[in-house]
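User: I would like to learn how to read a model like this one. Please take me through it feature by feature.

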Amino acid sequence: MRIFSHLCRWTAERCRLIGRTDLVARVSPRHPSPDQLQTGSLVVVRDGTLDKWACFRCPGGCGEKIQLSLNQARRPRWAVRFDWLLRPTIEPSVRQLNACRCHFWVKRGQVHWCHDSGHRQVPKRTNGAWGR
Ligand SMILES: [Zn+2]
């Protein structure tokens, strides 16, 4: 089933039916070790039926490991869901407080940068204003 999802997503991307996917979700019963966590993959650590953590590497180029708590009883917490093409959506946005200061949303597998992100890929406005 996973292979089918990957194949459909790849084909849909190639045919430009959907945008390029930045993050692809997979579920694991265990935390991924640093070398198991590849750029572009989001690992949902699931214990039985309970989603506990979402782990992925910062898409801002720094590669920092990001771990989001999915435990709804704790703060801060995030919610991750993914469609049948394994494209994750994360709510709310992710803000890195380390040196990279990345701030972004993940919607259907795509990273959307916030204007206040410290990330260099944020498109500069021609008038020099960042806006809100
Ligand atoms: Zn970063």
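User: Over which residues does pLDDT stay under 50?

Analyst: First, the basis. This is a predicted model: local features need pLDDT of at least 70, side-chain atom pairs count only at pLDDT 80 or more, and totals for chains, interfaces and linings use all residues. Residues are numbered from 1 along each chain as its sequence is written. pLDDT is the predictor's confidence in each residue, from 0 to 100. Here, pLDDT stays under 50 over residues 122–132. The model has seven contacts for them beyond four places in sequence; a contact means C-beta atoms, placed from the backbone, within 7 Å. The protein chain has a mean pLDDT of 89, with 89% of its residues at 70 or more.

User: What is the strand order in the open sheet of four strands?

Analyst: Terms first. Strands are DSSP runs (E, at least two residues), numbered from the N terminus. Two strands pair if DSSP finds at least two bridges between them. In this open sheet the order is 1-2-3-4, and the pairing is mixed. Strand 1 (24–28) and strand 4 (65–69) are the edges, each pairing on one side only.

User: How do strand 1 and strand 2 run, parallel or antiparallel?

Analyst: Parallel, with five bridges joining strand 1 to strand 2 (residues 41–47). V27 stands opposite V44 in strand 2.

User: Which residue takes a positive phi in the hairpin of strand 5 and strand 6?

Analyst: L86, with phi near 65 degrees. Five residues lie between the strands of this hairpin. Strand 5 (residues 79–82) and strand 6 (residues 88–95) run antiparallel, joined by four bridges. A79 stands opposite E91 in strand 6.

Technical notes. Contact = placed C-beta atoms within 7 Å.
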